[in-house]
Amino acid sequence: MLHFVGSSEDSMRREFQLSNGGRQRLIGRWNALLISLGLDPDQHFSVLDDLLIRYTEPQRYYHNLAHLEALLALLPAQPHLELAAWFHDAVYDPTRTDNELQSARLAEQSLQRLGVAPALIQRVVGLILATQHHRSDDLETALFLDADLSILGAEARTYRAYARAVRLEYAWLPEAVFRERRAGVIRQFLSRERIYQTAGFAGLERPARDNLQGELETLVRSS
């Protein structure tokens, strides 16, 4: 069991949770999305129900419905972007390394059952797979990826809460192993010429680098 000064697992769950009415807002947005695609939400509730269950799994301290709502708020209301947001973390098992691939497969299967056009399905699948490395030369894909990484440029207190939440999601890893792996991920981001690829998120570049560098120094000091 992990313990953080001034934090408990319950308090960490409260750090990243839906605000009042958030669940209903998400349901409303999903229903509006299906209607825009010519689909009857009442006939396809099982897909939404499956997603809601997945995003409330107990291992999720950050990658949950609050993250989904935040991501949707940052993206244009376009079907491929919205569907990719809904499915991009649908499979989230921190003990595995193929979550993005499995999420993409789930999206493909679920959208096929809904009767979504094949071209739209493949666009959604491509967006989800791009989260494996968070880089793309395609402008819309880059926008989606930047929105997904917006937490890196959050206010310092929020970023620290995010870092603690990630540690709890990887509670199964021994401390030394986690520090080494997490430091490697951070160094990869810091080595990039730019973390954010689109103009709309360029203002987060400096705070993101400050946050990442601060976390890295903490990890190194603890080694």
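Reader: How do the axes of helix α5 and helix α7 cross, and within what distance do they come?
Author: In this predicted model, the axis of helix α5, which covers residues 79–87, comes within 9 Å of the axis of helix α7, residues 118–129, and the two cross at roughly 50°.

Reader: Why are they called oblique to each other?
Author: Angles under 35 degrees count as roughly parallel and 65 to 115 as roughly perpendicular, and the crossing here is at roughly 50°; α5 and α7 are therefore oblique to each other.

Reader: Is that crossing right-handed or left-handed, and which residues meet?
Author: The crossing in which α5 passes α7 is right-handed. On the α5 side the contact involves P79, H80, L81, L83, A84 and F87, and these meet L120, R123, V124, L127 and I128 of α7. By class, the residues of this contact divide into 9 nonpolar, 1 polar and 1 charged.

Reader: And what about α4 against α5, at what angle do those cross?
Author: Helix α4, residues 65–74, has an axis that comes within 9 Å of that of α5, with a crossing of roughly 165°. Since angles over 145 degrees count as roughly antiparallel, α4 and α5 are therefore roughly antiparallel to each other. The crossing in which α4 passes α5 is right-handed.

Reader: Which residues make that contact?
Author: From α4 the contact takes L68, L71 and L72, and from α5 it takes E82, A85 and W86. The residues of this contact of α4 with α5 comprise 5 nonpolar, no polar and 1 charged.

Reader: Switching to pockets, how much space lies in the largest one, and which residues lie nearest its centre?
Author: The largest pocket holds about 1100 Å³ of space. Its lining is made up of 34 residues, and those nearest the centre are E100, Q132, Y170, R182 and V185.

Reader: Which elements supply the lining there?
Author: The elements giving two or more residues to the lining of the largest pocket are α6 (99–114), α9 (156–169) and α10 (175–190), and the largest share, 7 residues, comes from α10.

Reader: How does that lining split by class?
Author: The lining of the largest pocket has 16 nonpolar residues, together with 11 polar and 7 charged ones.

Reader: What lines the second largest pocket, and how much space lies in it?
Author: About 420 Å³ of space lies in the second largest pocket, which is lined by 17 residues, with R160, A163, R164, E215 and T218 lying nearest its centre. Two or more residues of this lining come from each of α9, α10 and α11 (205–222), and α11 gives the most, with 7 residues.

Methods
Residues numbered from 1 in each chain as written. Predicted model: local features only at pLDDT ≥ 70, side-chain atom pairs only at ≥ 80, totals over all residues. Heavy atoms only, no water. Axes fitted to C-alpha atoms, helices over the stretch in contact; angles between N-to-C directions. Helix = DSSP H or I, 4+ residues; strand = E, 2+ residues; numbered from the N terminus. Left-handed = near helix turned anticlockwise from the far one by under 90°. Contact = heavy atoms within 4.5 Å. Nonpolar A, V, L, I, M, F, W, Y, C, P; charged D, E, K, R; others polar. 1 Å grid on protein atoms, 1.4 Å probe; cavity = no way out; pocket = protein on both sides within 12 Å on 5 of 7 lines; lining within 4 Å. Points joined across faces, edges and corners; volume = space filled by probe spheres on them.
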